[in-house]
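This briefing concerns charged side chains and their partners. Please look at the structure below before reading the points that follow.

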Amino acid sequence: MLSRVVDRPHRPATPGRPFGEFPSIRAAATGEQSIVIGFDTEFAERPGLGRRPDAELRSIVSYQFAAIHPEFPDKLVQVVILPLSDLPADQALPGMRISLERALEIIIERMALHRHPLAPKGHGGWTEKGVPRRLGMVTGDDGSGVWRPSQLFRNSRAAGQTSRALPITLLAHYMPADLTAFANRRLLASALGRDAADRAGFKSRRSVWLDNRAPDILRTVISAGGGMVSPTPVRMTLNGATKYFCRPVELTIRDTMCHTAPGKAKAADLGKIVGVPKLEVPGDWIKHMDEYLRLHWKEFLEYAINDAVIALEFGCSMYGDHRGIPLTLTTVAARAIRETIKCEEGLRSTKEFNLQFAGLTGSSEAVSAIVGVEDQLDYYRKRDLIPLDGAAATWQHACANAFRGGYNSCNEVGYFGRETHDFDLISCYPTSESTLHDVDFLDPAGVIATTINNTTLTLDMLASPLTPFVGFVRFSFPPSVTYPTIPVPLDGSMIFPQSSGAGRGVWASGPEVWLALTLGAEVFCQIGHFGRLRRHQDKTPSRMLRGANRQLVVDRAQAKTQFGKDSLEQLVLKLFSVGGYGKLAQGVMGQRGWDAWAQTREAVGGSAITSPYHAMMTTAIARALLLATMNQLADLGYSTPSCTTDGLITDAPYDVLDGLDLYGLADLWHETRESLTGSPRMWEEKHHQCDLLNFTTRGNLSREPCGVLAHAGYKLPEDVVEDSSEDREFMWRLVVTRENPLPSVFKAFPSVQELTRIERRWDFQSTTVERLMVLEFDRKRRPVPDAMSADLLEVDGKHYEIAHVHTVAWRTPEEALSGRSVDAGLKRWDDDLGEETWVRSPVRKTRDQWFDYYSRLSNLLDEGDASTEAQRLDRIAKGIVIAQRQGLVDIPWLRSGTGNGPLWWRLRLMTFFGLPEVSERYWKHALSSVERQIEVDLDAIAPYVDRMIACDAAYVLTPEDLEPSPLDTDIEELMIP
C-alpha cells in the first residue's frame with residue numbers, strides 16, 4: 001500500500017463562467033453531500049484460462065484511489081494498493097484479490113477520513129479507530145445485548161439519534177471494468193468448499209444491506225447511461241481498528257460514463273476539461289501491466305493514479321467538491337425540469353408536481369381500486385404511484401398506446417451526384433416539448449373533456465395540430481400524398497402506409513391525425529378522447545415544459561460559443577437538454593432491464609417526469625413537422641432521400657426549406673423558438689455534399705470532409721478513426737463494392753447481466769466478435785421500378801453499378817409485411833459446415849438485383865389466396881410467440897431456460913408445425929406495449945398450441961438435427977408425446 005499527498009491540478013481558465021457554474025448544471029446538483037473518491041484499477045489477463053464463466057480471468061495489478069484531502073481542500077490524497085506486488089501474474093489465486101470492504105477500510109485509514117468535515121463528530125462520533133461498536137447494540141427480549149448495525153444509520157429527531165455513517169461515493173471511469181476487480185466472495189467460498197447463499201441481503205427504497213456471509217456489491221448495481229451505478233446507497237459496517245469499534249459507511253457507486261456525451265466519453269476528453277492530461281503507456285505495455293509495474297514501477301504508479309484523479313476532478317468540476325454525484329445526466333435533466341416547473345408553477349412539493357403534471361398520486365388502499373393491479377402501467381407502479389382518477393387512468397393508458405418513437409426513413413436509394421444538404425431542426429425535442437399544451441388533470445370533471453365512438457374525424461374537431469387528442473383509428477390517404485403521416489407498428493419498427501389495411505386500426509395522436517386530415521385523408525375513429533386543456537388565469541394554454549427548457553437551450557448555446565461546437569461541454573448540455581424527452585418517455589413502452597438484486601429482468605419503471613401524454617405529443621409534433629416538410633418539398637419537386645428523427649437530407653436549398661409554411665406548423669415552431677432563444681430560426685445545416693451515397697435508414701455517406709457520414713450500425717475496424725477521411729474512404733469502398741453480407745470484427749464486453757448474475761458470472765474481459773452485417777435498404781417504403789436509373793462509381797480503377805431507386809408508401813401494412821419478407825429466410829443451417837449459410841446474397845445494389853426483387857414482390861402480391869393463407873399463418877405464429885411471452889400459454893420447449901436450446905433453434909422448431917419462422921427480434925419485443933396492441937386470436941392459435949404442448953421437442957431434436965428445408969415426415973413421427 002502506497003499513499004501520498006499532492007497539490008490539486010489547476011483547471012484550465014475559460015473566457016466565461018466555469019462549466020460547473022452554468023445554471024443548468026447547478027440546478028442538476030443533488031443537494032446531498034458525500035466524500036467523492038476517484039477509483040481505477042490496472043490488470044493483466046491471466047494466460048491459459050481462455051474465456052469461461054465463474055473464473056477470475058484477470059490478475060489485478062493495482063487498485064488506486066484519489067480524494068480531496070480531508071483538511072486541505074487544495075490538496076489530494078492518493079492511495080495505491082498492490083495486491084500482487086510479490087507474485088507473478090500466472091500464480092494469482094482468487095483469494096489474492098482484495099474485497100471491497102477491505103479496500104474501503106484501507107482508504108479510510110490512509111486518507112484519514114475520520115477527519116473529514118462530513119464525518120459525524122461529537123459524542124460517539126468518528127475517531128481514528130472508527131465509532132464505538134456499542135452504539136449498534138440494543139437490549140433484547142431476554143435483557144441481553146443484541147447487535148443491530150441499523151442503529152448506526154438511524155436518523156430520528158424524536159429519539160435524538162443521528163446517523164454515524166460516513167457518506168462515500170466511489171467514482172470510476174467505466175465502472176464495469178473496475179468494480180468487478182474486487183474479490184468474488186461466492187467464488188472464494190466455492191474454492192474453499194463452502195456454500196454461499198443466493199440471498200443478496202435486504203433492500204428498501206432508501207438503502208441496501210448486503211448479506212454479511214458473502215457480501216456482493218455487484219448485486220446492488222444497474223446498467224445506466226453506458227456505465228454501472230447503484231440506484232440506492234449501500235450500507236456497510238466495516239471493521240474498526242479494534243473489536244470495540246466499527247466503521248459504518250453509506251456507499252454510492254457512480255460512473256463518469258453516465259455524465260459524458262457520445263463520441264467524447266474517453267478519459268482524455270474528461271481530463272482536458274479539468275486540466276489533467278491522460279497519460280499513455282509506451283509500446284505494448286498496456287497488455288502486460290504486471291511486468292510494467294515490476295520493471296518501471298515509478299512510471300506505472302504515475303500512470304495508474306492518473307485516471308482516478310481524472311474521475312475525481314471531473315465529478316467535482318460538474319457538481320462541486322464533496323457533493324453527491326447524480327445517477328446519470330438524464331436523471332439530473334429530469335430533476336432540473338421538475339424543480340424548474342415546481343418553482344414556476346408555485347408547486348410546494350413533488351406530490352403536487354405529480355398531480356399537476358402527470359395526474360398521479362400516492363398508491364394506497366383508498367385509491368388502489370382506480371386501476372386493477374393487473375392493468376397498472378409499470379412506469380407509475382414501480383414508483384408506488386397510481387392515476388388520480390378513472391379519467392386520468394384512461395387518458396394515460398390511451399396515450400401510452402399511441403406513443404411512438406422518432407421518424408427515421410430512407411426514401412430514395414442510390415448515388416446523388418448533385419448538391420444535397422443535411423438539415424437539422426435546432427433543439428428539436430426541447431422545442432417540441434415547449435410547443436405542446438398541457439392538460440388539466442385536476443379539473444373536477446376529469447382530464448377527458450369528450451369521448452367519441454365510431455366517428456369520422458374532421459378538421460372542425462381537430463382545429464389545431466396541438467389539439468390534445470388520442471384515439472384508435474382507421475385511415476386512408478389519397479394516392480397523391482407522398483408521405484402519409486399515421487405510423488403503424490410493424491415487425492419491431494414503424495411504417496407509414498397509405499391505409500390501415502385489413503386490421504381494425506391503430507392508436508394515433510392529435511398532431512398526426514390533424515396533418516392526415518389536412519392532407520385529405522379519411523380518418524375513422526372507433527374510440528377517442530379529447531383532453532381538457534390546462535389554462536392560466538389569463539386563459540392562455542399552459543406550457544409547463546417551456547420554462548424548464550428555456551434555460552437548457554440558453555446554456556447549450558453559450559457552451560457552443562464558449563467551448564466550441566464539438567466540445568464535451570456543449571455535447572454534455574446537448575445530452576442534458578434532449579435527455580428530458582427520454583425521461584418523459586421512460587417506462588411508457590414497458591421497457592425491461594436486468595435487476596441484479598432479484599436476478600431477473602424487471603420493468604424499468606418511470607422517471608421523475610414520465611408522462612405518456614407529454615411523451616406522445618413531443619414525438620408526434622416532431623414527426624408531423626418533418627412529414628409536413630417532406631410533403632411540401634415533394635410537391636415542389638425536391639427530393640428528400642433520408643430523414644432521421646430531427647433532420648433530413650434534401651436537394652432543396654436553405655431558403656426554400658425555410659420558406660415552407662408546413663400547413664401552419666412553421667408558425668407554431670417559430671413562436672416557440674423565439675420564446676426559447678429570442679430567434680425564430682428553426683433549421684441549421686449540418687453537412688452538405690455533391691457525392692451522397694444513400695443506401696438505408698441511417699446509412700449515408702460522402703467522401704467530402706464537410707459531407708454526411710452515418711454508418712447504419714456498422715462497426716469500424718480498430719485502426720480506423722471514426723469521422724476521419726480514412727473512415728469515409730473505408731465506408732465508401734465497403735458499400736460500393738459489396739457483393740455479399742459485410743464482415744465486421746469488433747471488440748465486445750460482457751453485459752451488466754453477465755457480470756452480476758450469481759450463476760455463470762463472467763469476469764470483465766473483452767472478446768473479439770466476428771459478424772456478417774447486411775447494409776441493405778430496410779423497405780419501410782416500397783421500392784418501385786419507375787424512373788430507376790444507375791450510376792457507375794469507380795473504386796481502384798474498377799466501375800461498380802449503383803442503382804438509383806425511388807420509393808412510394810406501402811398501400812397497407814399487410815403489403816409492407818409481404819414486401820419486407822422477400823429477402824427473408826435466406827439463411828439455412830449447413831450440417832457439413834456446422835453453421836448457418838446464405839442461400840443467396842441479400843445485396844440489392846444493381847438494376848438487375850432490383851428487377852429480381854420487383855419480380856419476386858409481384859409474384860408474392862399476386863398469389864391471392866396463397867398470399868392470404870401465408871399472412872394467416874404468419875399471424876398465428878406471431879400470436880403464439882406473443883401469447884407465450886405474455887404468459888397466456890405455456891409451451892414447455894419454447895420457454896427460455898437451460899436445456900431448451902438457443903432461441904433461434906426454438907423458433908425454428910415452429911416450422912415443423914407448418915408455421916413460418918418468427919424472428920428473434922420479434923420474440924424480444926413481444927413484451928412491449930406495441931405488441932400488446934396486437935390482438936391475439938386465441939381460438940385460431942389453440943389447435944397449434946395443443947399440438948405443441950403435446951410434443952416434447954427439446955429431448956428429440958437438437959440444432960444439429962435441423963435440415964435446411966422443412967421435413968416431409970409428419971410431425972407426430974418426429975416428436976415423442
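The side chains of D307 and K278 are joined by a salt bridge, with N and O 2.8 Å apart, where a salt bridge is a side-chain nitrogen of Lys or Arg within 4 Å of a carboxyl oxygen of Asp or Glu. The model is a predicted one, in which local features need pLDDT of at least 70 and side-chain atom pairs count only at pLDDT 80 or more, while totals for chains, interfaces and linings use all residues. Residues are numbered from 1 along each chain as its sequence is written, and side-chain values use heavy atoms, with hydrogens and water left out.

**Salt bridges**

- By this rule the count comes to 39 salt bridges.
- D307 lies in helix α7 (residues 297–319) and K278 in the loop between α5 (267–274) and α6 (289–295), so their pairing ties together parts that are 29 residues apart in sequence; helices (H or I, at least four residues) and strands (E, at least two) are DSSP runs, numbered from the N terminus.
- D307 counts as buried at 13% relative accessibility, whereas K278 counts as partly exposed at 23%; buried means under 20% relative accessible area, exposed over 50%, and partly exposed in between, with a 1.4 Å probe and protein chains only.
- K342 and E339 also meet through their side chains in a salt bridge (3.4 Å, N to O), and both lie in helix α8 (residues 329–345), three residues apart, about one turn of the helix.
- In this pair K342 is buried at 13% relative accessibility, while E339 is partly exposed at 31%.

**A network of shared partners**

- R844 forms a salt bridge with D852, their closest N and O atoms being 2.8 Å apart; R844 is buried at 4% relative accessible area, and D852 is partly exposed at 29%.
- Salt bridges that share partners join R779, D823, R840, R844, D852 and R856 into one network.

**A buried arginine without a salt bridge**

- R781 lies in the loop between β35 (767–773) and β36 (782–795).
- R781 is buried yet has no salt bridge, and the nearest side chain of opposite charge, E412, is 8.7 Å away; for charge, Lys and Arg count as positive and Asp and Glu as negative, with His and the chain ends not counted.
- The backbone oxygen of T482 lies 3.2 Å from a polar atom of the R781 side chain.
- Residues touched by R781 include S409, Y483 and W810, not counting residues up to four places away in sequence, where contact means heavy atoms within 4.5 Å.

Notes. A polar contact is a pair of N or O atoms within 3.5 Å; within protein, one must be able to donate a hydrogen and the other to accept it, and residues adjacent in sequence count only if both atoms are side-chain atoms.
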